[in-house]
Amino acid sequence: MIEVKGLHKSYGGFEAVKDVSFQVAPGTVFGFIGPNGAGKTTTIRMLSTLLEPTAGTALVDGHCVVNYPERVRQIIGYMPDRFGVYEGIQVWEYLEFFAAAYKLPRGRRRAIAEEVMELTDLTPLKEKLVSELSKGMRQRLCLAKTLIHDPKVLILDEPAAGLDPRARIEFRALLVELSRMGKTVFISSHILTELSGICQEVGIIEQGQILACGSVESIARALSPSRRVRIRVLRGAAEAVEWLKKRPEVLEAAADGETVRATLQGGEEVVPEIVKYLAGLDVPIAGLEQEHHNLETLFMQITKGAVA
Amino acid sequence: MARTDPFAHLNPILLKDVRAAFRTRRFAFTFMTYLSVLGAVIFIMLFVQLGSSKNVVPSDVGRDIFLTFILGLGVVTWFLVPAFACAALTGEREGETFDLLITTSFRPWDIVWGKLLASFAYVFVFYAGSLPLVCLSFLFGGVSPGQIGCCYLALTLAALFVISLSLMFSAVYTSSKRAVSSTYAILVFSGFPLLGMIIGLFEDRGSLRRVLAGVPLPVFFLTAVLYLSAIVLCLLCATNALKSPTENRSTNTRLFLCAFTALVTALGLWTAWEEMPAGKDLGWLLGIWLGVLGGILLLFPLLFCAEPPQRSRRLQFELGQHRPVLRPLMRLLYPGALSGFAFSLIWCTGLMALTAAALWILIHQKRADLPLFSETSTVGTAQALLVLPLALVFLLFFASLCLLMSYADFRTKNIRTVMLFLIVLSNVLPGVILVSAERRRADGQAGFNLYGLSPSFAEMSILMPPSTVFKDGSVKPLPILRGDVDFRGTWGCLYVKLDSPFDPRGVMMPQWVVAMAVYLSLSLVMLVLCAYLARRRRPPTPPEVAPATSET
């Protein structure tokens, strides 16, 4: 759905984005992660047709953002990191204005606005003036505006910045719902807890360069090929550790009460082999759990803490 | 079933802005204050007039009330409208809603049109709201329906002009303060024609009619064309300023200015055709016409030669989409400093050449001279035509300067500011020198003329010779100069003796030849520098043309 290849953006001698390439498949929630000043917003503004790349190509649903910006604008719903609202009008008027701005048929604008308000839980506030809304509600309103023309791709730049914890959790739930509806979501943030759990894929950017891109697991695998497992046994944990240490694919093993912690090298296929091996040695296995890689750990491992 | 918005058929930007503006306390306060002040002024005036004398003429009272009312509306139009119209687009930027607006399906023209309508709606409320007060004048009479209609028409035109100008600055600048101050700076100088129009309507109708009867018909058209063109040009500039710098912000303005200059030229030639055989005094008319044309032509380098030298990737892609036959023409019309330079010179030279040829043919066909400033003068024909190449040389100079700054990587806005300053300075400063350093020379010898280096003064020196030879052989100063500034005696000037039989080239040569030589040499130096800078520039990264879309 989104294909970026060799994207560059420079301002005079300063290169804000350098050779950025990634792909986002349809229906995916893609997290674009990076510290402040990494080049996230510049990349997003190029994808949203607000900036022209100095070099490279960016396609949204097959349309080049440079050559066909009007078509791209029909496909994307863009929510900037900082935005204002028209304060003197009501919530439904605000949404109908954007419905008209996207040239939706006159007779259907009110119905579409109501549908979107329903989705974003704004229906009780429809008669309220936009100026009377809280920060969280304004954020919802902006998301509702972004959805008004039923875009295939949502480009959200730091959408939950400045929200309180409840509003943030509700916002996340809304994004999960949108993902279920089949929307491709491109979301940037430097708050990792905001993205963990909802992103199928991530791209990590620092100093204008993509450092890693793909699913969290694939990135973790690329970073360290080992995997950690916790095996709960009913008895004989110490013996199990001894036997495990004899296996070439086991890098280290240790007992912690009735739990054996082991670090394995190799792919997914190693895990069942180990289970089979322990079962063959008559070790009663009560359960096995793979330790998943944490987005925060990955981010800290990949980035160096520098800004562009 | 959801209800439909009863106003859904209105322009969405108009609807949104009107709703947002009219719900504010500020609007209510402004409107109330305006009505209170206008009402108070009219009532005080009424009291004073009715109480001052027993012999009050009711029609005078009615006329005074109406004039006060119109003046009030004029003040609102001229001073209040920019205050909110300038914030129309800068407000979107300052309120961080601009990106949301520009990423919708609205094109820049949709936004400008919507903002124009919204601002006009605001003005309309002020006009309509004060109608009950103006009705007071009908109680006394003295105002004809024609005068009321003309006043409203003039005010509507003025409002459109003010709004367009405000929108242009609002689109160009990012802060409302700068937009407002720039608009007021222009309006202070351009308010007099409107005031003149309104006062002229109430002058003694007989004398006004006599004055107007002497004005050739094309002059009326020219005035209308100038007003409407100013409005259209401002709106086009506003639209272009809203586009991203990588989009085509030039072709529409280029085409408009071509049509506009062609129309002005046609109107000028029409005047000459109509008026020449009658042997009327055409000096002032030709002077105004050539002045207007020269001024408009200076817009070409200002607008088009200041553009960045390199076209964006999007523009290169768009150019490639045109048919091969049309590409050379489109290259000339598409943005780019070099294309702007070529376009300006080609169009202006062509227009000047056509004008010169047409005038020449007219003179020979009609066997008439172009009398300048004196009905008995035999000079003028050649002089009027001499202005044209001189104007072209000035155009070349300013265009080369813009091009040089563009190749030196100056920002477009800065180039335009510098150029505007230079053009104004070069036209005004020599006049100041001329007046302040006037020194009469008794010998009247030939010499060097510094003020000839100013575009306006060099042209004027051709059109207005210090003296002229009349058909009876006598040499006299021109009537227009008599008692004012004697050109022979100005600072640094030397002239040939004027007691010999008149030779216009002899008198004029030092001024315009020096001006042309200096400006031409400077232009050539700048063009050489441009070529050097162009060679030094890094070769551009070849544009990566993305594959065509899957859907067409």
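Two strands count as paired if DSSP finds at least two bridges between them. Helices (H or I, at least four residues) and strands (E, at least two) are DSSP runs, numbered from the N terminus. Everything below comes from a predicted model, where local features need pLDDT of at least 70, side-chain atom pairs count only at pLDDT 80 or more, and totals for chains, interfaces and linings use all residues. Residues are numbered from 1 along each chain as its sequence is written, chains are lettered from A and ligands numbered from 1 in the order in which they are written, and side-chain values use heavy atoms, leaving out hydrogens and water.

**Figure 1. An open antiparallel sheet in chain A.** Here four strands of chain A line up in the order 2-1-4-5, with antiparallel pairing. Strand 2 (14-24) and strand 5 (63-64) of chain A sit at the edges with a single partner strand each, so one side of each has no neighbour in the sheet. Strand 4 (residues 55-60) of chain A is joined to strand 5 of chain A by two bridges, and His63(A) in strand 5 is the bridge partner of Val60(A). Helix 1 (residues 40-47) of chain A lies across strand 1 (2-11), strand 2 and strand 4 of chain A, running at about 115° to strand 1; axes are lines fitted to C-alpha atoms, for helices over the stretch in contact, and angles run from 0 to 180 degrees between N-to-C directions.

**Figure 2. Strand 9 of chain A and its two partners.** Five of the six residues of strand 9 (residues 201-206) of chain A are buried, so the rest of the structure largely encloses this strand. "Buried" is under 20% relative accessible area, exposed is over 50%, and partly exposed is in between (1.4 Å probe, protein chains only). Four bridges tie strand 9 of chain A to strand 3 (residues 29-33) of chain A in parallel, with Phe32(A) opposite Gly203(A). Another five bridges link strand 9 to strand 10 (residues 209-214) of chain A, this time antiparallel, and Glu206(A) stands opposite Gln209(A). Strands 9 and 10 of chain A make a hairpin with two residues between them, and Gln207(A) in the turn has a positive phi of about 50°.

**Figure 3. Cysteines without a disulfide.** A disulfide is a covalent bond between the sulfur atoms of two cysteines. Counting pairs of cysteine sulfur atoms within 2.5 Å gives zero disulfides over all chains. The sulfur of Cys402(B) is 5.6 Å from the closest cysteine sulfur, in Cys305(B), which is too far for a bond. Cys402(B) is buried, at 0% relative accessibility, and Cys64(A) is buried too, at 1%.

**Figure 4. Inside the largest nonpolar core.** A nonpolar core is a set of buried Ala, Val, Leu, Ile, Met, Phe, Trp, Tyr and Cys residues joined through side-chain atoms within 4.5 Å. The largest has 199 residues, and Phe22(A), Tyr94(A), Ile148(A) and Phe186(A) touch the most other members. Helix 19 (residues 381-407) of chain B gives the most to this core, with 17 residues. Leaving aside neighbours within four places in sequence, Ile148(A) has contacts (heavy atoms within 4.5 Å) that include Leu95(A), Phe98(A), Tyr102(A) and Val116(A).

**Figure 5. Confidence along chain B.** pLDDT is the predictor's confidence in each residue, from 0 to 100. Chain B has a mean of 74, and 67% of its residues reach 70 or more. Within chain B, confidence is highest in helix 6 (residues 108-129), at 90, and lowest in strand 1 (residues 467-469), at a mean of 49.
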